[in-house]
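My plan is to look up a few places in turn and to write down what I find.

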Amino acid sequence: MSGTPTTPTADTAIRVFLVDDHEVVRRGLCDLIDDEPGMEVVGEAATADQAVARGPALRPDVAVLDVRLPDGDGISVCRELRSRMPGLACLMLTSFDDEDALLDAIMAGAAGYVLKQIQGADLVAAVRTVATGQSMLDPATTARLMRSLRGPGEAAAPEEERLAVLSERERAVLDLIGEGLTNRQIANRLHLSEKTVKNHISRLLGKLGVERRVQAAVLAAQAHEHAQAQDHGQLHGHPQGHPQPPPHAPFHGHRPGHG
């Protein structure tokens, strides 16, 4: 039996795995999700060890993970489960608005991050969104967060260096990902087939060493912002290296769930 989840279709229920150390929270989430058409809870876990041991056999499409667990954290569980099930979408659930945890969740390949104060209907919508392969993380907001966590003297040059490995076409695709376009919209914009766009995305993710579109878009946003800062320095008589920003479309953040 394969541990890789299958993409839910109109005829199959979204399989959800719940990981939270509070029984009351798990019961509430279970009742909420099981009452929804086209969704079912296939298993639960109260600890990180239980989650890693039970998760793969259940073949979930989405794992809803508490960030803080008694024997570890949901982010490590996310990383471990996704290493075994690359198609799994992890939705991080926390009662803390923790910037460090948000960054760690992104780099672990999480598809979304929501607070426990979220309304039930919004949580259900979030599960449906990540189950289709979309992200609940906003690249523009994430890029600003990552910039704020850097020291004032630290530059974003490494992001520019990482993007330098991309071909011109791959960089164009990445810029459109950053604008929140779907594969079909990117294909129409660049006059390519959707299959070709998917191939470009697969290659650029591999070159950048990231797993999700949102992670690549964050790198593009950081590099663009760094280029803008350098250009601003040139205009004010403070050369900082590159006289012109990269000849690419500017990055525009998009609403969570689009891209």
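In which strand is the place of alanine 63? I find alanine 63 in strand β3, residues 62–66, where strands are DSSP runs of E with at least two residues and helices are runs of H or I with at least four, numbered from the N terminus. I note that this is a predicted model, in which local features need pLDDT of at least 70 and side-chain atom pairs count only at 80 or more, while totals for chains, interfaces and linings use all residues. Residues are numbered from 1 along each chain as its sequence is written, and side-chain values use heavy atoms, without hydrogens and water.

Alanine 63 is buried, with a relative accessible area of 0% (buried means under 20%, exposed over 50%, partly exposed in between, with a 1.4 Å probe and protein chains only). Leaving aside neighbours within four places in sequence, I list Phe17, Leu88, Ala89, Cys90 and Leu91 as its contacts, meaning heavy atoms within 4.5 Å.

Next I looked up aspartate 20, which lies in the loop between β1 (14–19) and α1 (23–34) and is buried, with a relative accessible area of 1%. Beyond four places in sequence, its contacts include Asp66, Leu69 and Lys116.

Of its 25 residues, Leu65, Val77 and Met92 touch the most other members. Among the elements that each supply at least two residues of this core are β1, β3 and α3 (74–84).

Notes
Core = buried A, V, L, I, M, F, W, Y, C linked by side-chain atoms within 4.5 Å.
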